[in-house]
Amino acid sequence: MGGAERTARKRRQQQQSAGARAVSQARQGGGGDTKRIVAVVAAVVVVAAVVIGGVLWTNASKNATEGQTIPAVNASAADDYPERRDGVVVVSGKDSAPTTIDVYADFLCPVCAQFQQAYGAQIEEKIASGELRVRTHMVPMLVDRSDPPGYSLDAANAALLAADEGKFTPFHDSLFAHQPEEGKRGYSKDQLIQLGRDLGITSQAFADGVRNGKYDDELTAEMQRVANDPSLQQDFGEGQKGFGTPTVVANGSIVSFSDSNWLNKLLNNAKS
Amino acid sequence: MGTLARVGLAAVWLISGGIKMSDPGQTYLAVQAYDVLPHSLVGVVATAMPLLEIALGLFVLSGLATRVMAGVSAVVLLLFIAAVAQSWARGLTIDCGCFGGGGQVAPGETAYPQEIARDLGFLALAGWLLVRPRTLFAADAWLGLGWARRRREPVAAGE
């Protein structure tokens, strides 16, 4: 590039507006380097802030259950009715109750928590009054849906162990009342053991059973059975059928709880 | 036009990244649902992806290293399209989770063609910027970066 050309360009630049001239000079002069350094530093700082802040925030959000104590919820009517474990099913209420329902649920399933919130108290009340007997199947359907995986199975196993100690209902209600979110950290085995302690379970067998996964194999087999049981298949529309939680079965058929009065209707049918 | 493409692509990245970031649990499930990655990588990718999207959005919005960032955007979008296409081909029934949501859905609720078409649209924006990275109000121009800008400068200055 010759000197004449450079002079010509300078002259042309003088005809430009002041703003444009400033930009153009800065681009060609030594100021450009400073600006580039500033820009690179700013970019690095911003990206570092986004990455560090983002990772911290994401981990904090995903591990929100860490270090927490699961608040113990003592069911009001829980102690007033018999409760026993039958394999991987927990049977609540008197055998003489005119109506029996089977409830299939998963401790990590959000709709199950909503179901529990909407109808849990009502169900427990009807069990206590002797009108209803409930066979609760806590199935580990969503084992992979927590990070790390396994909360669904750990919780179901711990609930069966709580049933062995006569504390199934408060244990079950406590876990649903403060349910961990799907895709995030669930509760650890230690946290489940601590909840048991807070509910008055002191035996070593409970703690050991939670740690060793005493009923894990049985629960996994039950999940397999339930998923393939034709009588438990629901129609989700669009020709899609399958097992989902929560599912309530009475008299061999699936109960729809789109009608919020479904329980009273069932109990009334048994009376008439 | 290039400026619109830049702002559009930046908005896509910032919005999709922001929504994913705000619900890490859902993002984890969405990544898992593609059923491509081993378990140990699902968490890493689910954490990193929204951050990558936000960083790309910031770069593209500010017009810094536009051509490079457009290139990275195109590569990421191609990966997304490949991920959606493999789900479609294998008959998985998932939502792409492109803008939040994601995970398993009922078979009738999949929207693979629309999702791929949308990503191709975004890819077109990235492609435009890759070919013509020079846009208005871009940090590249202010810094005198980018070959396209410098090559055309004498012409522009001559007016």
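**Cores and strands in a predicted model**

I'll start with A:A162, which, neighbours within four places in sequence left aside, is in contact with A:K167, A:F168, A:F171, A:G196 and A:I201; contact puts two C-beta atoms, placed from the backbone, within 7 Å. This is a predicted model, where local features need pLDDT of at least 70, side-chain atom pairs count only at pLDDT 80 or more, and totals for chains, interfaces and linings use all residues. Residues are numbered from 1 along each chain as its sequence is written, with chains lettered from A and ligands numbered from 1 in the order in which they are written.

A:A162 is also among the residues with the most contacts inside the largest nonpolar core, which has 53 residues. Such a core is a set of buried Ala, Val, Leu, Ile, Met, Phe, Trp, Tyr and Cys residues joined through C-beta atoms within 7 Å. Buried means 20 or more other C-beta atoms within 10 Å of the residue's own, exposed 12 or fewer, and partly exposed in between. Helix α5 of chain A, residues 151-164, gives the most to this core, with 10 residues. Helices (H or I, at least four residues) and strands (E, at least two) are DSSP runs, numbered from the N terminus.

Now the strands. In β4 of chain A, residues 132-138, six of seven residues are buried. Strand β2(A), residues 89-92, pairs with β4(A) in the antiparallel sense over four bridges; pairing takes at least two DSSP bridges. There A:V90 has A:T136 as its bridge partner. Strand β3(A), residues 99-105, runs parallel to β4(A), joined by seven bridges, and A:Y104 partners A:H137.
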